Amino acid sequence: VSTQSTGTMEYAEGVNLVDVPQLRSAGFDLGDIMKKLVRVFGEQVFNTGHVHSDPHPGNILVRKDKNGKTEVVLIDHGLYERLSPTLRQAFAAFWHSVIIEDDETVQRSGREMGLAHPDIFATILFFKAVVSTQSTGRWKRFGVWVTRCSIAYRNSWDWLYEISDSLRV
């Protein structure tokens, strides 16, 4: 049992997420691992709002359960963030609108999350240049370099603080 001043630990075995050769040699399907990771963090962000806030690869293990099925294990549960229902709804709308290239909803939902530049945030999330074009209302993305996105990549640390602050509840 854990309290405010005492943490409980458990030993967890598994292969580190970044040890791809070991994962392959152990017979893990990398696509299946990715699907499970997306499901785990999607559940946290969009459904429960209770989010593991230190999910670097060193805190993610992969192992087989007692039935031989792939299991993703999150470790180091010392840092969690609670996301409000309003923020979760805005974030869901944001993701959906980026995927369907709905600039108006990207801007609105981004503002609801407190973002000054929703397109910059989308660029960082998708690891691709994502910028609205005012003339067509369509998105330029997937390797189309425009000035604003180039600036975002070069100055990503500046934007990181803005985005990080905007996600605090």
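A residue is called buried when its relative accessible area is under 20%. The exercises below apply this to a predicted model.

**Exercise 1.** Describe the protein chain as a whole, from its elements to its burial.

*Solution.* Start with the elements: the chain has 7 helices and 7 strands. Then turn to burial: 31% of the 169 residues count as buried. Last, take the contacts between residues at least 6 apart in sequence; 56% of these join residues at least 24 apart.

**Exercise 2.** Which residues of helix 4 are buried, and how do they lie around its axis?

*Solution.* Helix 4 covers residues 103-112, and its buried residues are Asp103, Thr105, Val106, Ser109 and Gly110. Viewed down the axis of helix 4, these buried residues fall within an arc of 160°, so they line one face of the helix. Just after helix 4 comes Gly114, with a positive phi of about 90°.

**Exercise 3.** Work out how helix 3 and helix 4 are oriented to each other, and list the residues that meet.

*Solution.* Step one is the geometry: the axis of helix 3 (residues 85-99) and that of helix 4 come within 8 Å and cross at roughly 155°. Angles over 145 degrees count as roughly antiparallel, and therefore helix 3 and helix 4 are roughly antiparallel to each other. The crossing is left-handed. Step two is the contact: Ala90, Ala93, Phe94, Ser97 and Val98 of helix 3 meet Thr105, Val106, Ser109, Gly110 and Glu112 of helix 4. By type, the residues of this contact are 5 nonpolar, 4 polar and 1 charged.

Technical notes
Residues numbered from 1 in each chain as written. Predicted model: local features only at pLDDT ≥ 70, side-chain atom pairs only at ≥ 80, totals over all residues. Heavy atoms only, no water. Buried < 20%, exposed > 50% of the residue type's maximum accessible area, 1.4 Å probe, protein only. Helix = DSSP H or I, 4+ residues; strand = E, 2+ residues; numbered from the N terminus. Arc of directions from axis to C-beta. Axes fitted to C-alpha atoms, helices over the stretch in contact; angles between N-to-C directions. Parallel < 35°, antiparallel > 145°, perpendicular 65-115°, else oblique. Left-handed = near helix turned anticlockwise from the far one by under 90°. Contact = heavy atoms within 4.5 Å. Nonpolar A, V, L, I, M, F, W, Y, C, P; charged D, E, K, R; others polar.
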